[in-house]
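What follows is a walk through one structure, starting at a pocket and moving on to the sheet and the helices.

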Amino acid sequence: MAPFMLSQDNIELQFATNHLGHFLLTNLVLDNMKKTAIESQREGRIVNISSLGHHHVYPQGIHFDKDKINDSSRFEERVEITANSLHPGAIATNLLRHTGIIGDGAATTCYVALSPQVKGVSGEYFADSNVATRSQFASDVELAKKLWDFSIDLTRSE
């Protein structure tokens, strides 16, 4: 919806803002989250704000410039931290300034972040405070591994 722009790192701005920024932030705080979850004996929660737009993507899902095989050992550490994504509803953000859509969407975000009903639930996609149907690409494990590696490569400090 927004016009093409590049970030300061010469990465397409919507991808840099809506994915890489959250990806990098999560990776920067993950060790601290693990430590806190262990020490407090409380579940940590990672909540990614997404969009129903993930149903409308390229035929192959994601365009990659580089493909690497993911190191599966990253996923084997057992700590009580869940990760989910959600569609908050139409929200009056700068992204929507190009469409005229106005709305509000805090309910699902608060539900996924705070509700006892979501304890132990991980890897899901939510909309309207319920588990929702995700696109075929959002369920593709190999595509997720490629995106992980691609994102690691783009956020690596040099």
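This is a predicted model. The second largest pocket holds about 180 Å³ of space. Its lining consists of Ser7, Asp9, Ile11, Ala16, Leu20, Gly21, Leu24, Leu154 and Thr155. Two elements give two or more residues to that lining, helix H1 (13-40) and helix H3 (141-155). H1 supplies the largest share, 4 residues. Sorted by class, the residues lining the second largest pocket are 5 nonpolar, 3 polar and 1 charged.

The axes of H1 and H3 come within 10 Å and cross at roughly 85 degrees. An angle from 65 to 115 degrees counts as roughly perpendicular, so H1 is roughly perpendicular to H3. On the H1 side, the contact is made by Phe15, His19, Leu20, Phe23, Leu24 and Asn27. H3 brings Leu147, Trp148, Phe150, Ser151, Ile152, Leu154 and Thr155 to the contact. By class, 9 of the residues in the contact of H1 with H3 are nonpolar and 4 are polar, with no charged residues. Leu20 and Leu24 of H1, and Leu154 and Thr155 of H3, take part in this contact and are also among the residues that line the second largest pocket.

The sheet comes next. It is an open sheet of 4 strands in the order E1-E2-E3-E4, with mixed pairing. Strand E1 (44-49) and strand E4 (130-131) are at the edges and have a single partner strand each, so one side of each is left without a neighbour in the sheet. Within the sheet, strand E2 (residues 81-87) pairs with strand E3 (residues 125-127) in the parallel sense, over 3 bridges. Leucine 86 has phenylalanine 126, in E3, as its bridge partner.

Helices also lie across the strands. H1 lies across E1 and E2 and runs at about 165 degrees to E1. Helix H2 (residues 106-114) lies across E1, E2 and E3, and its direction is at about 155 degrees to E1.

Methods: Residues numbered from 1 in each chain as written. Predicted model: local features only at pLDDT ≥ 70, side-chain atom pairs only at ≥ 80, totals over all residues. Heavy atoms only, no water. 1 Å grid on protein atoms, 1.4 Å probe; cavity = no way out; pocket = protein on both sides within 12 Å on 5 of 7 lines; lining within 4 Å. Points joined across faces, edges and corners; volume = space filled by probe spheres on them. Nonpolar A, V, L, I, M, F, W, Y, C, P; charged D, E, K, R; others polar. Pairing = 2+ DSSP bridges. Contact = heavy atoms within 4.5 Å. Axes fitted to C-alpha atoms, helices over the stretch in contact; angles between N-to-C directions. Parallel < 35°, antiparallel > 145°, perpendicular 65-115°, else oblique.
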